[in-house]
Amino acid sequence: MLSAELPHNEVQRQQALERQDLLDTPADPYLDTLTRIARELFAVRTVLISLIDNDRQWFMIRQGLELAETPRCISFCAHAILQDDALVIEDTHLDFRFADNPVVLQSPFIRFYAGQPLHDEDGQTLGTLCLIDPQPRGLDVCERRQLRDMAQLVEGYLRLRHSSRQAEQLRAALSRAQRKAMLDALTQLWNRAGLLHFLPQQQAAAERTGLRLGLLFCDLDHFKQVNDRHGHAAGDQVLWQSARRLSAAVRPQDVVARNGGEEFVILALVHDSTELLQIAERMRLAIAEPAMELDGAQLSQTASVGCALLAPGETAADALERADQALYRAKRGGRNRCEFAATDK
Ligand SMILES: Nc1nc2c(ncn2[C@@H]2O[C@H](COP(=O)(O)OP(=O)(O)OP(=O)(O)O)[C@@H](O)[C@H]2O)c(=O)[nH]1
C-alpha cells in the first residue's frame, strides 16, 4: 500500500479547513439530499463528502458507510486531493497503491473509487466528493462530467453556508471541541448534551421573535424487534436513515437531536399548536414512508410522536417532560400516531 504524500501547500490547506469550520459538524440535510441523488445516479454503494484533516479523513456526509472517519494514511481521498481533476480507480485489485489497503482487503471492500477534489474559494483543496463500490467499474465521459458538476454544487453550497449568519452564530457559540462532544457518532445529530445546550438558545430565540418553542419527542416503534430479527447493524442503519429523514422533515434552523436509544427530540419555533402538530405529522410520515432500505431488503418502520409548546412561565425541563408524557400516550394509544400535550395556559 502506498500512503499519499502531503500536498505541497498542506499548511495553508489545513488553515483553510479550519477557517471553513467544517470538521465535526452535524450532518447537513441539503448535502444529504445531494449525495443521496448521487448514489442513485451513479448506482454505487457509497457516496461520501470526505474532508482530509491532519491525520484522518472525516466524513462530513456519508451515504452507505457506517464509518465516521478513517486514518489519513489509508485514505484514497488523500491521493485524490493531490490531483486537479477526479482520481478514478476502476479496480483497486489492479492498482499497487491500493490493492493491499485494509479498506480493500476488509470491509467496505473497496474495488471502485472515484474522488472529485473539492476546493474552497481560494482554490484550497478541502477534501472530495467520492463514489465507492465493492464491484470494479468505470466512469464514462458523461458520468465524469456529472461528478464534476455535483462537486461544483457542493463547493458552492459550502461557500454560501460558510458566509451565512447561521454558521456565524454556531461558530460564536461553540468551539470545535465542544461541538464534537455534542455530536452523536452513529447518527451525526446532536446528542443529549447538544440538545440541552441548544434548549435555552431556542427558548431565547422564541422570546425574541414572538414565536413559541415547540418540543417534539419521536420514538421508533417496536425497535427492539428490528435488532432481534435483523441484527444490531440493521438497527443502526434504521437509526441512521431515521435521523436523515427527520432532519429533512424540519427546517435547517430547527434542532434535531438523538436523545438516546431510538428516541429523537426536535426543537422548532412555531406560531401555534396547529403548526406544531403539522410538523409532528410530517415526522411520523417521514419515518413510515417509504420503507427503510436494509442492504436491498425493505423494512417497514413506524414512529410515535409526542409534542408540547413551552408554556409562559414554564421551565424547558417541564415542557420536555410534558412532551415525553404525550409520547407515552401516543405509544399507549396504539403507536404510529402523534399526541399533543395541551395546557390551559
Ligand atoms: N441497533 C441499535 N439499537 C439500539 C441502540 N440504542 C438502543 N437500541 C435498542 O433499542 C431498543 C429499544 O427497545 P424498547 O425501549 O423496548 O422499545 P421498542 O422496542 O422500540 O418499543 P416501543 O418504544 O414501546 O415501541 C433496545 O433493544 C435497545 O437495545 C443503538 O444505538 N443501535
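Biologist: Why is His222 called exposed?

Modeller: This is a predicted model, and the call rests on a count. His222 has 12 C-beta neighbours inside 10 Å. The cut-off for exposed is 12 or fewer, so His222 counts as exposed.

Biologist: Where does His222 lie?

Modeller: His222 is in the loop between β7 (212-220) and α9 (223-230). Its phi is positive, about 50 degrees, although His222 is not a glycine.

Biologist: What makes Asp24 buried or exposed?

Modeller: Count again. Asp24 has 20 C-beta neighbours inside 10 Å. Buried takes 20 or more, so Asp24 counts as buried.

Biologist: What is the phi of Asp24, and where does the residue lie?

Modeller: Phi of Asp24 is near 55 degrees, a positive value in a residue other than glycine. Asp24 sits in the loop between α1 (10-20) and α2 (29-42).

Biologist: How many residues of the chain are buried, as a percentage?

Modeller: Buried residues make up 39% of the 345 residues.

Biologist: How many helices and strands does the chain have?

Modeller: Twelve helices and 13 strands.

Biologist: What share of the contacts with a separation of 6 or more joins residues 24 or more positions apart?

Modeller: Such pairs account for 63% of those contacts.

Biologist: Which peptide bonds are cis?

Modeller: The bond from Ser107 to Pro108 is cis, with omega near 10 degrees. Pro108 is in the loop between α4 (102-105) and β5 (112-119). The bond from Glu289 to Pro290 is also cis, with omega near -10 degrees. Pro290 is in the loop between α11 (273-288) and β10 (292-294).

Biologist: Which residues are closest to the ligand?

Modeller: Asp221, Phe223, Lys224, Gly235 and Gly261 are the closest of the 16 residues that surround the ligand.

Biologist: Which element gives the most to that shell?

Modeller: α10 gives the most, with four residues. β7, α9 and α10 (232-249) each supply at least two.

Biologist: How many residues of the shell are nonpolar, polar and charged?

Modeller: The shell has four nonpolar, five polar and seven charged residues.

Note on methods. Residues are numbered from 1 along each chain as its sequence is written. This is a predicted model: local features need pLDDT of at least 70, side-chain atom pairs count only at pLDDT 80 or more; totals for chains, interfaces and linings use all residues. Two residues are in contact if their C-beta atoms, placed from the backbone, lie within 7 Å. A residue is near a molecule or strand if its C-beta atom, placed from the backbone, lies within 6 Å of it. Ala, Val, Leu, Ile, Met, Phe, Trp, Tyr, Cys and Pro count as nonpolar, Asp, Glu, Lys and Arg as charged, and the others, Gly among them, as polar.
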